[in-house]
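Me: I have a structure open and would like to go through it with you. Could we start with how its helices pack?

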Amino acid sequence: MSKSVDHEREKARLRRQMRAMTGGSPRLHGLTERLMADRARWIRIPAGLFLILGGLAAILPLFGLWMLPIGLALLAVDLPMLRPGVNTALIRGRRWSEGMLRRWRDRGDE
């Protein structure tokens, strides 16, 4: 398989993961779709860098580690070398959170 085909598959996978993360929130879904559009590159790259820098400054009250994965996901749209790692992290994170939510719900049924 050629590298461009692999990059396109990884980009499509990243888009699916980003859509899945928005859940049923129409507002969040719309924001994600606008940020993932090709024409939004000029805002996506600086926002991703800002979020990563903010995540590294987690000691400050407003900033936190929550900013780091969001910034990496935004940069992964434009940087193919980040996509495999970000995709894997998104999939594992979603599975973990879904499992935790399922256990929490099941605990309430007892």
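Me: At what angle do the axes of H3 and H4 cross?
Reply: This is a predicted model. In it, the axes of helix H3 (residues 41–56) and helix H4 (residues 67–78) cross at roughly 150° and come within 7 Å of each other.

Me: Why are both an angle and a distance quoted for two packed helices?
Reply: Both are given because two packed helices are described by the angle between their axes together with the distance between those axes.

Me: Are H3 and H4 roughly parallel or roughly antiparallel to each other?
Reply: Angles over 145 degrees count as roughly antiparallel. H3 and H4 are therefore roughly antiparallel to each other.

Me: And is the crossing of H3 and H4 left-handed or right-handed?
Reply: The crossing of these two helices is left-handed.

Me: Which residues make the contact?
Reply: On the H3 side the residues include Arg41, Ile45, Gly48, Leu49, Ile52 and Gly55. On the H4 side they include Met67, Ile70, Gly71, Leu74 and Asp78.

Me: What is the contact of H3 with H4 like by class?
Reply: The contact has 14 nonpolar residues, along with 4 polar and 3 charged ones.

Me: Let us step back. How many helices and strands are in the chain?
Reply: The chain has 5 helices and 0 strands. Read from the N terminus, its elements run α-α-α-α-α.

Me: What box do the C-alpha atoms fill, and what share of the residues is buried?
Reply: Along the principal axes, the C-alpha atoms of the chain fill a box of roughly 50 × 40 × 25 Å. Of the 110 residues in the chain, 27% are buried.

Me: Which residues make up the largest nonpolar core?
Reply: That core has 8 residues in all: Leu14, Met18, Met36, Ala73, Ala76, Val77, Val86 and Leu90.

Me: Why would nonpolar side chains be found together?
Reply: In soluble globular proteins, nonpolar side chains tend to be buried together.

Me: What is alanine 76 in contact with, neighbours within four places in sequence aside?
Reply: Alanine 76, itself part of the core, is in contact with Leu14, Leu82, Arg83 and Val86.

Me: New topic: lysine 11. Where is it, and is it buried or exposed?
Reply: Lysine 11 is in helix H1 (residues 3–22). Buried means under 20% relative accessible area, so lysine 11, at 16% relative accessibility, counts as buried.

Me: Which residues is lysine 11 in contact with, again leaving aside neighbours within four places?
Reply: Lysine 11 is in contact with Asp38, Val77 and Arg83. Of these, Val77 also belongs to the largest nonpolar core, and Arg83 is also in contact with alanine 76.

Me: What about glycine 24: where does it lie, and is it buried or exposed?
Reply: Glycine 24 lies in the loop between H1 and H2. With a relative accessible area of 78%, glycine 24 is exposed. Its C-alpha atom is separated by 24 Å from that of leucine 65, which is 41 residues apart from it along the chain.

Me: Lastly, where are leucine 28 and serine 97, and what are their relative accessible areas?
Reply: Leucine 28 is in helix H2 (residues 26–36) and is partly exposed, with a relative accessible area of 41%. Serine 97 lies in helix H5 (residues 83–109) and is partly exposed, with a value of 36%.

How values were computed:
Residues are numbered from 1 along each chain as its sequence is written. This is a predicted model: local features need pLDDT of at least 70, side-chain atom pairs count only at pLDDT 80 or more; totals for chains, interfaces and linings use all residues. Side-chain values use heavy atoms; hydrogens and water are left out. Helices (H or I, at least four residues) and strands (E, at least two) are DSSP runs, numbered from the N terminus. Buried means under 20% relative accessible area, exposed over 50%, partly exposed in between (1.4 Å probe, protein chains only). Contact means heavy atoms within 4.5 Å. Axes are lines fitted to C-alpha atoms, for helices over the stretch in contact, and angles run from 0 to 180 degrees between N-to-C directions. Angles under 35 degrees count as roughly parallel, over 145 as roughly antiparallel, 65 to 115 as roughly perpendicular and the rest as oblique. A crossing is left-handed if the near helix is turned anticlockwise from the far one by less than a right angle, and right-handed if clockwise. Ala, Val, Leu, Ile, Met, Phe, Trp, Tyr, Cys and Pro count as nonpolar, Asp, Glu, Lys and Arg as charged, and the others, Gly among them, as polar. A nonpolar core is a set of buried Ala, Val, Leu, Ile, Met, Phe, Trp, Tyr and Cys residues joined through side-chain atoms within 4.5 Å.
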